[in-house]
Amino acid sequence: MLEVKNLKRQFGQKKQPFTAVADLSFQIRKGEIVALLGPNGAGKTTTVKMIAGYLSPTAGHVIIDGQDAALSPKLVQNQVATVFGGELGFYARASAFDNLKFFSVLFKIPRKERKKKIEEVLSAVQLQDVQYQKVGEFSRGMRQRLHIARALLKDTNIILLDEPTNGLDVEIAHEIRDLIRKLADNGKTILLTSHTMSEIESLADRVLLIGAGKIVHDGTVESVVKLSGVTKVNRPATLEESYLALADGLRR
Ligand SMILES: Nc1ncnc2c1ncn2[C@@H]1O[C@H](COP(=O)(O)OP(=O)(O)OP(=O)(O)O)[C@@H](O)[C@H]1O
């Protein structure tokens, strides 16, 4: 479904460029959740932005369903939705419904289908009871769910989630994770970045360990634990313990 081939991104001057993403290649199948895991500044968000079409790669390709995204700009528009989350991105004085109405026009959803589609996505993230409440009055968890609803409104096959539960309490984070799992079970292809080990442990079918813009390892959570060499005590090492053992080698 989604393939990244030798993706590279440099910033700064041509004479002395800074390489944020050096040479990234990976594939994600339909219905799979893959997590990008690595230290601050490793190149995760830059990678997400290139796949989403917000940043053009210095080299390499993003391939969606076998087609090169650079050759068909509509492809990214129709197949990729991104959730960056956070405080921004909505009109605080408008209701959740009206905010999504605005985006449904932007996403070119036919007028007749808009109401039904908005109600459907609000219900998927369990915001139907507060759909006429102003977004400015929303809690962080509600706003994050609205970010996901907006992504669902586009009805794409690929969803990129950049730290989807950042700053949320344990219970709300749990709800959002359940929702992400359901999306994958329904056939969405998901790329996730997160600094929360328990989140990656519970969600990721595969982990891409990234350091200094390169993939150091591509495999299951269990394979990351194995790679770390963290020894067993009375139980297998957790992903957090394993990651800490590997983190030094990932820094620039
Ligand atoms: N627009 C830009 N101009 C210059 N440098 C940039 C730009 N965007 C990112 N970088 C640099 O590229 C590197 C990778 O940044 P990126 O945001 O992709 O890291 P990250 O892995 O997502 O980090 P975090 O875990 O903190 O979100 C960093 O050193 C960052 O400073």
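Helix H8 (residues 221-228) and helix H9 (residues 239-247) pack at an angle of about 45°, and their axes lie 9 Å apart. That angle makes H8 oblique to H9; angles under 35 degrees count as roughly parallel, over 145 as roughly antiparallel, 65 to 115 as roughly perpendicular and the rest as oblique. Two packed helices are described by the angle between their axes and the distance between the axes. Here an axis is a line fitted to C-alpha atoms, for helices over the stretch in contact, and angles run from 0 to 180 degrees between N-to-C directions. The crossing of H8 past H9 is left-handed, a term used if the near helix is turned anticlockwise from the far one by less than a right angle, with right-handed used if clockwise.

Before going on, please keep in mind that this is a predicted model, in which local features need pLDDT of at least 70 and side-chain atom pairs count only at pLDDT 80 or more, while totals for chains, interfaces and linings use all residues. Residues are numbered from 1 along each chain as its sequence is written. The helix and strand labels come from DSSP runs (H or I of at least four residues for helices, E of at least two for strands), numbered from the N terminus.

Helix H4 (residues 111-124) packs with helix H5 (residues 140-153) at an angle of about 135°, with axes 9 Å apart. H4 and H5 are therefore oblique to each other, and H4 passes H5 in a right-handed crossing.

Ala-35 has Leu-192 as its bridge partner in S8 and Val-207 as its bridge partner in S9. Leu-36 stands opposite Leu-208 in S9.

Follow S9 (residues 206-211) itself, and you find five of its six residues buried. S9 pairs with strand S10 (residues 214-219) in the antiparallel sense over five bridges, and Gly-211 has Lys-214 as its partner in S10. Two residues lie between the strands of this hairpin, where Ala-212 takes a positive phi near 50°.

Our last stop is the ligand. The residues around it include Phe-11, Phe-18, Gly-38, Lys-44 and Thr-45, a residue being near a molecule if its C-beta atom, placed from the backbone, lies within 6 Å of it. Helix H1 (44-52) and strand S2 (18-28) each supply at least two residues of this shell, and the largest share, three residues, comes from H1. Within H1, the buried residues include Lys-44, Thr-47 and Val-48. Gly-53 follows H1 and has a positive phi, near 85°.

Methods: A residue is buried if 20 or more other C-beta atoms lie within 10 Å of its own, exposed if 12 or fewer, and partly exposed in between; C-beta atoms are placed from the backbone. Two strands pair if DSSP finds at least two bridges between them.
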